Every structure is written in structure tokens, then in C-alpha cells.
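Please look over the sequence and the structure shown here, and then read the briefing that follows, which is grouped by topic.

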Amino acid sequence: MKAAILRAFKQPLEWQEITTPSPEPDEVLVQVMACGIDGTDLKLLDGFGYTPDLPFIMGHEVAGVVTEVGYRVTGYEEGDRVIVYNFTTCGNCLPCRSFREQICVNMGGVLGAKDRHGGYAEYVTVPGRQLVHAPESISWPDSAVCCDAGMTAYHAIDRARLRLGETVLVVGVGGVGSIAVQLAKAAGAKVFAVELSESKREWARQLGADELLDPGDDKLPAAVRDLTDGLGVDCVIDIVGQTVTMEAGVESLRNGGRLVIVGYTPDHYPVEGKYLAQNELEIIGTRAGRKQDLIEVSQLMASGKIRSIVTQTFPMENANEALAVLRSGDNLGRIVLLTPSGRQAVETI
């Protein structure tokens with residue numbers, strides 16, 4: 001098989017022929033059809049966050065077809081369409097047993113990020129318990145997007161505890177934000193979207209945002225309060241995670257409001273304890289999502305309640321070009337890589 005291999009941080013990936021892996025008894029071999037890319041990949045390329053041993057194959061948004069099944073795996077067989085849940089969890093620790101497996105204390109690896117090669121390849125092996133059946137009605141690119149952008153947004157909205165009639169400020173309308181806007185709207189919230197570029201603000205409007213705001217304006221919290229009769233929003237979902245966005249988020253909250261932090265950077269934000277306490281504000285972290293979140297968001301996608309956010313596809317052998325577009329910040333929605341088999345499947349639909 002061929003794969004795009006990371007051999008050195010901050011260097012281009014190399015598209016090369018390597019040995020096709022064989023599944024262990026509790027694993028399956030998946031023929032990759034599509035693999036999404038996102039900011040986590042850029043951080044990994046730069047040696048920030050996850051720093052896997054090299055050489056390494058990235059790619060954590062994987063959808064494909066089961067081609068070989070280990071003898072201990074049940075529920076899946078050759079030919080099944082699947083989406084891969086990207087965390088290898090123990091299933092026994094308290095978080096796993098309380099349906100919070102994405103914060104497993106014995107994490108065995110993260111597909112395409114740590115200790116397990118990912119989907120920038122024609123084939124990938126994964127534990128059978130990490131698979132989710134892909135609905136027949138979803139395209140390969142949309143299936144791939146479900147297992148990070150979709151799952152992460154779904155879990156963030158769940159962590160936010162949004163209720164009918166609340167107001168929510170979504171900071172950053174990239175891949176995750178594009179689905180978060182749609183899910184917040186579906187939950188009955190009034191959605192304010194913050195984006196730097198006019199094209200992304202227009203994209204957010206098309207996805208259902210009620211108000212569009214420019215973070216380039218230093219008076220963002222004041223603009224939010226102007227739109228909420230001076231009160232502030234019930235919830236901020238920060239998908240950027242920079243000092244400036246976290247500060248603006250806290251200052252945009254009403255008394256009793258909730259800041260949900262999805263994105264992360266090397267930045268830190270010192271917040272005054274007195275301000276948090278006296279206004280009863282909550283700061284909530286959220287990491288990716290649970291396997292059930294992936295199932296739920298794929299079903300929402302299949303039902304048409306979430307529209308596609310895939311705006312560009314690239315041949316997987318052109319992964320460096322796709323990553324350069326992502327790094328430029330000019331793309332809307334999500335970019336997805338297609339293997340040769342994936343391209344053929346998409347073209348025949």
C-alpha cells in the first residue's frame with residue numbers, strides 16, 4: 001500500500017510504498033476511502049501537542065471498508081462500511097465505565113496522532129471495538145468528517161448544556177464550528193458566530209447563524225452585550241483557544257454563563273477568581289467525543305439534519321498541498337483526502 005509518511009517535524013510528508021499491515025486477533029483491516037484533515041494535524045506536523053515517534057502516519061478522521069477481520073472481532077465482517085472512533089480505550093477505568101471514554105486514564109493510543117498509525121494511507125488497522133457502522137446514505141467524505149469535526153461539535157454542545165431559547169457565541173467557524181453552529185441552532189439557541197474573514201462569516205450565516213461578529217474589533221464583548229440587551233450570552237463555545245478568545249469569551253458571558261473550551265493552543269489565560277465566583281461563571285473543558293457521540297452525529301448527518309461541511313477534496317498523494325491550504329486559513333468547512341479507491345467510489349455515485 002501507499003501512505004503519506006511524516007519522517008521529520010516541520011517537513012513535508014512523503015508519499016511512499018510500504019507494507020500493508022495485518023490485523024491482530026482483536027483488530028480489523030480497513031481500506032481507507034476518505035480521511036479528513038484539521039488543525040490537530042498542523043499541530044502534529046509542527047511538533048506541538050501530540051509528538052509521536054517517527055516515522056509516523058497521521059490521519060484521525062477515517063472512513064472506509066472492512067477488508068479483513070481478526071477472529072476475536074464480532075459485529076463486523078468484510079465489506080462493511082465503517083467510521084473509525086479514534087481513541088483506543090481500556091474499557092475498564094472509571095471514565096470508560098461512566099461513558100466518558102475519551103478521557104480514559106489508560107489510553108492505548110490515538111489514531112493518527114499517538115502510538116497508532118492513522119488514515120493518511122490506503123489501509124489502516126484498528127481495534128474492532130473502535131468501529132461504528134457508517135450509514136449507507138452518507139458519502140465517504142462526510143462519513144470521515146463525522147469522526148472528529150462532527151463528534152467534537154456534538155460533544156461540545158452536550159457539555160454546554162444548551163437549552164431552548166438560550167444564546168450562544170461560537171468562536172471560530174472552521175470544521176468543528178461549522179457543525180457546532182448547526183447543532184446549536186437545532187437545539188433552539190440563538191447563535192452568534194465569530195469569524196475573522198468575511199467569507200467565513202457568510203458561511204456561518206448559510207449554516208444558520210443569527211448574528212455575525214468580527215473578532216478584529218477590540219470591542220467584541222461590547223458588541224455581544226449590545227445584541228443581548230446588555231446581559232451577555234448564556235454560553236460561549238471557543239473553538240480557537242487563544243488568550244484573546246478566552247478573555248473575550250469570559251467578558252461576553254452573562255451572570256451564570258458557561259465558557260466551553262474546545263480548541264487549544266500554547267496560550268494561557270489568567271482569570272480573576274473573584275470575577276468567576278461573584279458572577280457564578282463556569283469554565284468547561286471538552287475533549288473530542290464519545291463513541292456514542294460519533295454514532296449520534298452520523299445519524300443526524302444521514303437524516304439530513306446536518307448539512308455537509310466538506311468544501312474541498314484532494315487526492316491523498318497531494319496531502320501536503322491540502323495541508324498548505326488548511327494552514328492558510330482560506331478554506332471553508334472541512335478538507336478531506338481521498339485515496340485512489342475513495343476517488344473511484346465517489347466518482348461512481
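The protein chain falls into two parts, namely domain 1 (1-147 + 287-345) and domain 2 (149-283), with bounds that come from an automatic or database domain assignment. Taken over C-alpha atoms, the centres of domain 1 and domain 2 are 27 Å apart. This is a predicted model, in which local features need pLDDT of at least 70 and side-chain atom pairs count only at pLDDT 80 or more, while totals for chains, interfaces and linings use all residues. Residues are numbered from 1 along each chain as its sequence is written, and side-chain values use heavy atoms, with hydrogens and water left out.

**The interface between the domains**

- Counting contact as heavy atoms within 4.5 Å, 30 residues of domain 1 are in contact with 23 residues of domain 2.
- The area buried between domain 1 and domain 2 is about 2,200 Å², and carbon and sulfur atoms give 63% of it; buried area here is the accessible area (1.4 Å probe) that two parts lose on being put together, summed over both.
- Of the area that domain 1 buries against domain 2, Arg307, Ile309 and Leu332 supply 23%, which is more than any other three residues.

- Arg290 forms a salt bridge with Asp158, and their closest N and O atoms are 3.1 Å apart.
- On the side of domain 1 that touches domain 2, helix 3 (140-160) and helix 9 (291-303) each supply at least two residues, where helices (H or I, at least four residues) and strands (E, at least two) are DSSP runs numbered from the N terminus.
- Helix 9 gives the most to this side of domain 1, with 5 residues.

**Aromatic pairs**

- The count comes to 2 aromatic pairs, for which rings of Phe, Tyr and Trp (its six-membered ring) must have centres within 6.5 Å, with planes under 30 degrees apart counted as stacked, over 60 as edge-to-face and the rest as tilted.
- Phe48 and Tyr264 form a tilted pair, 6.2 Å centre to centre with 45° between the planes.
- This pair links distant parts of the chain, since Phe48 and Tyr264 are 216 residues apart.

**Backbone features**

- Most residues other than glycine have a negative phi, and most peptide bonds are trans.
- The peptide bond from Leu54 to Pro55 is cis, with omega near 0°, and Pro55 is found in the loop between helix 1 and strand 4.
- Asp229 has a positive phi, near 55°, and lies in the loop between helix 6 (220-226) and strand 15 (233-238).

How values were computed
Salt bridge = Lys/Arg side-chain N within 4 Å of Asp/Glu carboxyl O.
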